[in-house]
Amino acid sequence: MRHAFEHACRRCTAVFSPALELDNFSVLTAACPHCGYAHGYDNRDGKILRLLREKQGLTESHPEPEAPVEAALTPPPEPPALETEPAPIPWTTTAVEPEYQDTDSFEQNEPEITREREPWRSRLPGIRQVVFVASTLATLLVVAVMVMQAIPVSDEEAKGYLAQLKSREADVVLDRNGHELNRLGVSGSEKALLTDYPRWQIDTLLFAEDKNFFHHHGVEYTAILRAVLNNALRLRYAQGASTITQQLARIMLQNRHKNILRKLSEIRLARALESQLSKPKILELYMNHVYLGHGNYSFPSAAKFYYDKSPAELTYNEFLSIVALIPSPERYSPLRNGRRLAGRMGALYERMRAAGAKVPDAAAYQAGMAAVTTQAERFSTETAFGSKSRVALWPAQYARDFLTQRHILSGENQNSARVYTTIDAELQARAEALLAKHVQNARQNFRSVIRSADQKEIRLKKKLQNAVLDSGLLLDLGGLPVAREADGGLQAALIALSPRTGEILAMVGGESFQSKNQLNRTVQMRRQTGSAIKPFIYAKAFSQHLIHAATLIDDTPYVVGSGSKTWAPENINGGFEGPMPARDALAKSRNIPAIRVGRLVGRDGVTELFSDFFFQSENALSERFSYDETVAIGTISLSPLEMARAFSVFLNNGFLNDPLLITRVESAEKSADMRKTHVDQLGLTAASKDRLLSQAEAQLMLSLLKSSGKKSGAGVSGIVGKTGTSSESRDLWFVGGGKEIVVAVWFGYDDMRYAIPGATGSALAAKLAGDFLRPGFKPADFKLQPGMVRLRVCPLTGRTASESCPHARSEVFLSGVVPEGECLHGISDEQSDFMAVMGESQFR
């Protein structure tokens, strides 16, 4: 049996009668039919019904319901403390009402029903009475001023606003040379005539936003007065009263600040619009310019983005979900806050049904929610801009997101702004075309397999991934925020920057910028780097004078621990080559020598290395870095941007630059030089002004990286670089470049369970990097710097070469860090011949 009682909503204070099944001993919920706010009622012991009957004098005539045995035996939990005092209500029912949040649980308090109703003013503390009276008087004064002063703007001014609205353009993103890359906003094709919408859609919109649209003259003063009084009671801006005409005026004014002055401006312009335009024209303009989240500035755009339909093709639930977005598109986003959106939709549906509006029955409505709830499976960062045909959507979208987050551009209006970036249009177009081509070829030549057999771990990761999508956040889940169900498609990312300035020259976050593929893997993804990290380990050892380029390092079996805790790393080919010079060990990407060098550098040295090159803040270092010996072979997760930025130190004489994407923003309202005011555009900690490597150390590393670049498979003469392949070929890397450019390329799967058997960084990432860099490539020049010497050495012994050594080759060293002794080639006795041929590792 359903029972109803009066209750005042905590959000809007409107009184409503929730019909609850009080014979159901559980936590009951009901949504406010006016604002959609969800309320919770703890009826686990049947107390609400008992008190209701006592209040109505029915205790004697109706037997008291028996609470469940479990409820009788188990005391109710202590109610959590309220952070704010509940609003006064007619007959006091206090409860902690849950918002529609991104988790499956909420807090609730046991209702407390008093039998006597006190006058509401007597319950106010003295100081609040004073504040209330004062605010009420002030409110009445303001309302009187508004009524007197709300004179419509002139016809000419109104026509000017209309012309601006019709001529308002999308934001234009330009490259470093002023060439247009992309336009982010609504085009003429994403608008519709009012006659394109079925009548029931218009009725639904007006019911939710402006029931009296065809009867008022742009403003409803009684609604404004009611809202102002409510705001005064709550001592904050809690309720608005804007008609659709006022909302259109707000769009024209591009002002969403909640204050009296904005409201007055809206009223003046709204009254002018009503005198200039017909009601259907006002409604049509509104539906073609209202912001509906994720870069959608019209109903047709939103219908296409959310459901891939025209407005006329939308079902009732689909159209209602778009209408429900209007008050706060980000708060109710189906991609971020699906549960909250469902709550608001449910409240609107119940109000329409109660008012006798033509709506589906309850069963059809619940079935229709499936199309809405599936939106949560998409990335929360997706926008409507993926359907555009121009290039550079990855950097253009990133730039616009950054500017709206910093309130430099408005996210809810088209700004007609010009955003100047560091992107090179030619390089960007080449990168996008080559990446798509190489990904397609790789999908044909390689097949994925699932390597993870830990089903418990997989289930945990999926649960966390779902929570990430529900909350709209990016979580470093083993390096990557991924979708609920990965389609198994191989992906890639490429980012190129200038090593001298840090300016981003090209940014490609995936195969194509489309729905369900807008994750910018260059900056939003972190994955294990494999051997691509080794140059930094060797650079630290060189700078500490622990080794030199000719130092022999053992490539022999390396075992740590015993029994079940044994760790015995291997090289990628499974074999060992014995002692070899540091230059050869890096060029051949041998794992065991790198682990030995990392161990020689030690915990403090490796930690300092990652602090200098990657994690400049203490928080980032503590959260993302943990030392063990596997760090030397790339088990720390990094983004392609972080790798490219760090590698640029070798090509920039030891200095680390801050990456830069946006140089200048120009709009009708403002102009901003982004170079000086926003050095954290890519979300990284500002680089230290100190040099990370001396000029001699940087040139030494440049020399070694030319050797590794030659063996990388990139096929570009003079390239410096290093490949990387993470455990079980899950991530494939190349990082390198030349005099004017450094590039980081990654191949892999968004779902980290997938590996690519037989694939390596040389086979995929280096090939793409080579094709991208080859046209017009300028090799980095190696110059022997002060503090460096060049000697002839014997690579078999790690010593300086004798005059008769047949293996002698030229090598560069830091002054004072050179081989000791001379090789013994040319001596005839057996032992010396053995030593000359086999050499001896200088540390193990």
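**Figure 1. Helix α18 is mostly covered, with 9 of its 10 residues buried.** This is a predicted model, in which local features need pLDDT of at least 70 and side-chain atom pairs count only at pLDDT 80 or more, while totals for chains, interfaces and linings use all residues. Residues are numbered from 1 along each chain as its sequence is written, and side-chain values use heavy atoms, with hydrogens and water left out. Buried means under 20% relative accessible area, exposed over 50%, and partly exposed in between (1.4 Å probe, protein chains only). Helices (H or I, at least four residues) and strands (E, at least two) are DSSP runs, numbered from the N terminus. The buried residues of α18 are K534, P535, F536, I537, Y538, A539, K540, A541 and F542.

**Figure 2. A closer look at K540, a residue of helix α18 (residues 534-543).** Is K540 buried or exposed? K540 counts as buried because its relative accessibility is 12%. Which residues touch K540, once neighbours within four places in sequence are set aside? Look for V601, G605, E608, L609 and D612; contact here means heavy atoms within 4.5 Å.

Figure 3. A cavity is a set of points on a 1 Å grid over the protein atoms alone where a 1.4 Å probe fits but cannot get out, and lining residues have an atom within 4 Å of a point. The whole structure has 5 cavities of 30 Å³ or more. Around this one you will find I537, I595, G598, R599, V606, Y627, D628, E629, V631 and A632. I537 also belongs to the buried residues of α18. Which helix gives the largest share of the lining? That is α20 (residues 591-613), with 4 residues. By type, the lining divides into 6 nonpolar, 1 polar and 3 charged residues.

**Figure 4. Helix α5 (residues 199-209) is largely enclosed by the rest of the structure, because 8 of its 11 residues are buried.** To trace the buried residues, look for Q201, I202, T204, L205, L206, F207, A208 and E209. What covers them? The cover includes α7 (244-253), α9 (279-287), α10 (299-307), α11 (316-323) and α12 (338-354).

**Figure 5. Q428 sits in helix α16 (residues 425-445).** With a relative accessible area of 0%, Q428 is buried. Apart from neighbours within four places in sequence, Q428 is in contact with A392, P395, I423, L505, A506, M507 and V508. Helix α16 turns up again in the next view, where α25 packs against it.

**Figure 6. In helix α25 (residues 765-773), 7 of the 9 residues are buried.** These are A765, A766, L768, A769, G770, F772 and L773. Along with α16, their packing partners are the strands β11 (490-497), β12 (504-508), β19 (720-725), β20 (731-737) and β21 (742-749).

**Figure 7. Strand β9 (residues 418-421) pairs in the parallel sense with β7 (residues 171-174) over 3 bridges.** Two strands pair if DSSP finds at least two bridges between them. In this pair, V173 stands opposite V419 of β9. Strand β9 is also joined to β17 (residues 662-666), this time running antiparallel, by 4 bridges. There, R418 has E666 as its bridge partner.

**Figure 8. Strand β23 (residues 788-794) pairs with β25 (residues 809-814) in the antiparallel sense over 6 bridges.** Find V793 here, and you will see it opposite R809 in β25. Strand β23 also pairs antiparallel with β24 (residues 799-800), over 2 bridges. In β24, the partner of V793 is T800. The hairpin of β23 and β24 has 4 residues between the strands, and its G798 takes a positive phi near 75°.

**Figure 9. Stepping back, the chain has 26 helices and 25 strands.** Of its 844 residues, 53% are buried. Among contacts between residues at least 6 apart in sequence, 69% join residues at least 24 apart.

Definitions and conventions: 1 Å grid on protein atoms, 1.4 Å probe; cavity = no way out; pocket = protein on both sides within 12 Å on 5 of 7 lines; lining within 4 Å. Points joined across faces, edges and corners; volume = space filled by probe spheres on them. Nonpolar A, V, L, I, M, F, W, Y, C, P; charged D, E, K, R; others polar.
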